[in-house]
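Please look through the sequence and the model below before reading on.

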Number of protein chains: 4
Amino acid sequence: MNFRMTIPPHGPAAETRLRVRYAETDQMGVVYYANYLVWMEVARMDWCRARGVDYRRMEREEGIGLAVAEASCRYRSPARFDDEVAIRVWVEEANSRMVTFHYEMRVAGDDRLVATGETRHVFVDAAMRKARCPVRYREMFGMSGGAGA
Amino acid sequence: MNFRMTIPPHGPAAETRLRVRYAETDQMGVVYYANYLVWMEVARMDWCRARGVDYRRMEREEGIGLAVAEASCRYRSPARFDDEVAIRVWVEEANSRMVTFHYEMRVAGDDRLVATGETRHVFVDAAMRKARCPVRYREMFGMSGGAGA
Amino acid sequence: MNFRMTIPPHGPAAETRLRVRYAETDQMGVVYYANYLVWMEVARMDWCRARGVDYRRMEREEGIGLAVAEASCRYRSPARFDDEVAIRVWVEEANSRMVTFHYEMRVAGDDRLVATGETRHVFVDAAMRKARCPVRYREMFGMSGGAGA
Amino acid sequence: MNFRMTIPPHGPAAETRLRVRYAETDQMGVVYYANYLVWMEVARMDWCRARGVDYRRMEREEGIGLAVAEASCRYRSPARFDDEVAIRVWVEEANSRMVTFHYEMRVAGDDRLVATGETRHVFVDAAMRKARCPVRYREMFGMSGGAGA
């Protein structure tokens, strides 16, 4: 059993729902594999919004963004056109330099697991150089904070 | 017969070749319709490169880009995964404010027409306000030039 | 004034809402132009669902799909990441061979028009040959029906 | 030093070149992270073609496809619009049930590493049930073959 899935370390997981677009299918009749990473982004941004992190503003006003350093996805069973997909997302680890998100995607009706994934991000400035999370956003990301974080 | 197709007004048409990606198909087993607009962009950028317009540099150094004002596509027969597609592109009209490109897409092997399209663009600055084509690029776009253009 | 926009010929327009994904932006900082066609598809499928047309089932059980014959889009003002976009869609013309949809896309908050578009579709069978709309779906598409339609 | 990078187990790696499309960038000014998975697919299909595996035909005639079971990508430094990217791909492991590909993506000019990735695939039939690689394709994938494979 995965402890983190039951009691996520940084508060309850957020849930995003989306409906599979025709554009997201391929000729195999299922969702094309790269699109799951797009869904992770949608869920991640919803998570930010739900926690009070205005990502658009952070990029524009602070000049700080989250560059993806690593992404992975395990495909469990295919999602198909018109399926409603529920995505749970939570932060697994966060410090002032980086954040790791975990994702669980299910078909909403039958609760069938379609995929799980993980993305690791580093804070960067507008020139894509490594940066630190602006102080005002640290608590929202669940960082323990403090000057040394 | 289309005069412009035989003798394009602003020099010979450029040709771009690309192979249909699996990602570009949908569950109908053919290329998803929005992807033809991506191909038009690829052909348009190749046209620029072939004519000496470094689009990346124009955006970065002059702060001038080409925003799409209108796009249309007529789908003649479906392109499929792994097809090699040849795209001919030419400028139909150009002045210091706008450029119109025309496209003709064929399956390379059998010369079957898959689609035709058109995009109309306006020059904009970094804030997306209407702008004029930098003088040094006018000739490349086939603009008659002159102070009043 | 556009009569069709006020009183659509085939019943009230449906409205779809979606939030702009980061994936849908490009380096100009706005939504990449081909993605508006994806949004049109999302709105079209929502329209079908709202009218009782189960598109997935129509494809699977009847072997009939709607192939896009023509698409066009006029870009009025840019949509940006995180904008909530409201899309109104209605059928402009429909007979047993084809359907034409019209779209109007606005940023939900300030009602700013971002784009208008149109797609024309023909009914096709699984082999992409021209077909006719299954009788049971005709009323939903607003076809006047009748043996001669 | 990575032994597999020097002497891949199943013959020389194939190389694919592609130019970054405007569509592939996002508002951060770099390639959107999901698109690297699309590039992996392009490289994988080129690998198949170079080895004599006609993937389109395998899907159509044998009813056998390669479903992705797992994908991962490490982003090393950003690729940007108009960059020419060279992708090396090789099979790391293959048996009659599955194939694992490894990828290395570099900007062609300066040989800068932009990303590395891996995808694991299982053979499936048209109904997405697990299947075995058709015998005639086994050698091409570098499978040791034999009745028990």
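## Basis of the report

This is a predicted model, in which local features need pLDDT of at least 70 and side-chain atom pairs count only at pLDDT 80 or more, while totals for chains, interfaces and linings use all residues. Residues are numbered from 1 along each chain as its sequence is written, chains are lettered from A in the order in which they are written, and side-chain values use heavy atoms, with hydrogens and water left out.

## Helix 2 of chain D

The residue that follows helix 2 of chain D is D:Gly52, and its phi is positive, near 90°. Helices here are DSSP runs of H or I with at least four residues, and strands are runs of E with at least two, both numbered from the N terminus. Of the 17 residues of this helix, 13 are buried, so the rest of the structure largely encloses it; buried means under 20% relative accessible area with a 1.4 Å probe, protein chains only.

## Chains A and D

In this interface, 28 residues of chain A are in contact (heavy atoms within 4.5 Å) with 28 residues of chain D. Salt bridges, which need a side-chain nitrogen of Lys or Arg within 4 Å of a carboxyl oxygen of Asp or Glu, number zero across it. Strand 2 of chain A gives the largest share of the side of chain A that touches chain D, eleven residues.

## Chains B and C

A rotation of 180° with 0.0 Å of shift along its axis superposes chain C on chain B, with an RMSD of 0.0 Å, by least squares on the C-alpha atoms of residues with pLDDT of at least 70 in both. The two copies are thus related as by a two-fold rotation axis.

Methods: Buried means under 20% relative accessible area, exposed over 50%, partly exposed in between (1.4 Å probe, protein chains only).
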